[in-house]
Amino acid sequence: MGMAVGLVEVLGHPPALSVADTMVKAAKVTFVGYEKVSGARLTIIIRGPVGDVKRAVEAGVEAAKKIEVLSSKDKALFLSATVIPRPHENLEAITKTMQFSSAMEQFR
């Protein structure tokens with residue numbers, strides 16, 4: 001496919017939505033979905049050209065780090081991030097949330 005995958009993991013739905021919005025505004029990428037990892041941990045998944053995905057992930061990480069944590073018992077909202085430049089077709093075949101759907105076509 002030649003399209004990179006970018007992933008940013010955060011704590012909570014509001015930060016996830018903010019990060020996803022920042023990422024799609026930062027570069028020519030498509031938000032393909034998110035995965036609820038456990039509890040309030042969510043991973044935002046984007047696809048696009050390698051350079052654009054790198055820029056979008058960097059912007060998403062910065063956005064997550066800027067979100068204020070309101071409770072002293074809460075942790076940082078940004079958890080992790082990675083870019084996979086050209087995922088192997090086997091990885092794409094079994095990871096459904098990394099795939100484009102027809103509903104996303106207008107945003108590609």
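Modeller: What follows is a set of questions and answers on a predicted model.

Biologist: Which pattern of helices and strands does the protein follow along the sequence?

Modeller: The secondary structure comes to three helices and four strands. Read along the sequence, these elements give the pattern β-α-β-β-α-β-α.

Biologist: In what order do the strands lie in the sheet?

Modeller: The four strands form an open sheet with antiparallel pairing. Strand S2 (30-38) and S4 are the edge strands, each pairing on one side only. Neighbouring strands are turned by 15° against each other on average, direction ignored. The order is S2-S3-S1-S4.

Biologist: How many bridges join S1 to S3?

Modeller: S1 runs antiparallel to S3, and Ala-4 stands opposite Gly-48 in S3. Another pair in these strands is Val-10 opposite Leu-42 in S3. S1 is also joined to S4, by six bridges. For S1 and S3 the number of bridges is eight.

Biologist: Which residue takes a positive phi in the hairpin of S2 and S3?

Modeller: S2 and S3 pair in the antiparallel sense over seven bridges, and Phe-31 stands opposite Ile-46 in S3. The hairpin has two residues between the strands. The residue with a positive phi, near 55°, is Gly-39.

Biologist: Why is S1 largely enclosed by the rest of the structure?

Modeller: A residue counts as buried under 20% relative accessible area. S3 is largely enclosed because seven of its eight residues are buried. For S1, the reason is likewise a count of buried residues: seven of eight.

Biologist: Is Glu-9 buried or exposed?

Modeller: Glu-9 lies in strand S1, and its bridge partner in S4 is Ser-80. Leaving aside residues up to four places away in sequence, Glu-9 touches Val-37, Arg-41, Leu-42, Thr-43, Leu-77, Phe-78, Leu-79 and Ser-80. Its relative accessibility is 11%, so Glu-9 counts as buried.

Biologist: Which residue in S4 does Val-10 stand opposite?

Modeller: Beyond residues up to four places away in sequence, Val-10 touches residues including Pro-15, Ala-16, Val-19, Ile-44 and Ala-64. Leu-77, Phe-78 and Leu-79 are also among the residues that Val-10 touches. The residue opposite Val-10 in S4 is Phe-78.

Biologist: What is the relative accessible area of Ile-84?

Modeller: Ile-84 lies in strand S4 (residues 78-84). Not counting residues up to four places away in sequence, it touches Ala-4, Val-5, Leu-7 and Leu-91. The C-alpha atoms of Ile-84 and Ala-4 are separated by 5.6 Å, although the two residues are 80 residues apart along the chain. Ile-84 is partly exposed, with a relative accessible area of 28%.

Biologist: How do helices H1 and H2 pack, and what is the angle?

Modeller: Two packed helices are described by the angle between their axes and the distance between the axes. Helix H1 (residues 13-26) passes helix H2 (residues 50-66) in a right-handed crossing. Their axes are 8 Å apart, and the angle is about 145°.

Biologist: What percentage of the residues in the protein are buried?

Modeller: Among contacts with a separation of 6 or more, residues 24 or more positions apart account for 69%. The protein has 108 residues, and the buried percentage is 38%.

Note on methods
Residues are numbered from 1 along each chain as its sequence is written. This is a predicted model: local features need pLDDT of at least 70, side-chain atom pairs count only at pLDDT 80 or more; totals for chains, interfaces and linings use all residues. Side-chain values use heavy atoms; hydrogens and water are left out. Buried means under 20% relative accessible area, exposed over 50%, partly exposed in between (1.4 Å probe, protein chains only). Contact means heavy atoms within 4.5 Å. Axes are lines fitted to C-alpha atoms, for helices over the stretch in contact, and angles run from 0 to 180 degrees between N-to-C directions. A crossing is left-handed if the near helix is turned anticlockwise from the far one by less than a right angle, and right-handed if clockwise. Two strands pair if DSSP finds at least two bridges between them.
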